[in-house]
Amino acid sequence: MPPRPSPPLSSLLSALTSLRLTTPRPSPLHHATTTIRTFTTTPTLQGSWLEPNLLRKNKMMKGRPRVPTGGSTKGTTVVWGDYGLRMCDHGRRISAKHFKMAEDTIKARLRGQKYRLYKRKCCNVGVFISGNEMRMGKGKGSFDHWAARVAANQVIFEIRGVLHEQVIRDAFRLAGNKLPGQYEIITKNDPPVVGITKLENGLTLEDLKRPRKKLPAPVVEETSTSATEASSSAPPPS
């Protein structure tokens, strides 16, 4: 078998020059995604809804739940879901442990179903407790747990999905038993609440702002006019 002819030197040099290592240029799409501006400029909430990304060493005031004295209905209706779990008694402070138990109860009852659960509250209040048999003073105490201030008639959980109404009500019933206080199950068409008054049967905020009793008519002017008439009709002194 005759030997194969060797390739010329010029072709070998051209092949070696074509094998140079070069860094790939970034695509214009990648450059656009790195310099794109987000939709909102507000920072996202760090941490979870049960434990935020806050320093535990910072002492916090106990505080009180919000009281809607100005006629606010914020947080009393269902926004994203179809059904909701709403507190119907006075406001209180609920710990993250109770919220976690209620969430696990709902997930265990709806296991295998197609749904989405919305949490309307965030445990952003740190509770600091001193030990037992401690003397007065010596500071506020050490961190114990996270909690959330829940006002009266505030929605805590919302749910939406391909579920039967009785299944959702049963899941919320079990979750409400794990939470302190009294709760009710509402739908998206339920009216909002101002304090403890539901805006139903044609009742509006303007009706609540009006005085309940009619103000008495001003009597001061009538008495003054009658006194002047009596003095003018009286005979002159002798």
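**Labels and their cut-offs**

Modeller: Lys-97 counts as exposed because its relative accessibility is 62%, and exposed means over 50% relative accessible area, buried under 20% and partly exposed in between, with a 1.4 Å probe and protein chains only. Lys-97 lies in helix H3, where helices are DSSP runs of H or I with at least four residues, strands are runs of E with at least two, and both are numbered from the N terminus. This is a predicted model, in which local features need pLDDT of at least 70 and side-chain atom pairs count only at pLDDT 80 or more, while totals for chains, interfaces and linings use all residues. Residues are numbered from 1 along each chain as its sequence is written, and side-chain values use heavy atoms, with hydrogens and water left out.

Colleague: Why is the pair of Trp-49 and Phe-99 called tilted?

Modeller: The structure holds 5 aromatic pairs. In the one formed by Trp-49 and Phe-99, the centres are 5.6 Å apart and the planes make an angle of 55°. Rings of Phe, Tyr and Trp (its six-membered ring) pair if their centres lie within 6.5 Å, and planes under 30 degrees apart count as stacked, over 60 as edge-to-face and the rest as tilted, so the label follows. The pair links distant parts of the chain, 50 residues apart, with Trp-49 in the loop between helix H2 (28-34) and strand S1 (83-87) and Phe-99 in helix H3 (residues 96-109). Together with Phe-157, Trp-49 and Phe-99 form one aromatic cluster.

Colleague: Are Trp-49 and Phe-99 buried or exposed?

Modeller: Trp-49 counts as buried because its relative accessibility is 16%, and Phe-99, at 0%, therefore counts as buried as well.

Colleague: What makes the phi of Asn-153 worth a remark?

Modeller: Most residues other than glycine have a negative phi. The phi of Asn-153 is near 60°, a positive value in a residue other than glycine, and Asn-153 lies in the loop between S5 and strand S6 (155-161). The phi of Asn-201 is also near 60°, in the loop between strand S9 (197-198) and helix H5 (205-209).

Colleague: How do you know which of these, Asn-153 or Asn-201, is buried and which is exposed?

Modeller: Asn-153 has 6% relative accessibility and therefore counts as buried, whereas Asn-201, at 79%, counts as exposed.

Colleague: Why does Lys-140 count as partly exposed?

Modeller: Lys-140, found in the loop between strand S4 (125-129) and strand S5 (142-150), counts as partly exposed because its relative accessibility is 37%.
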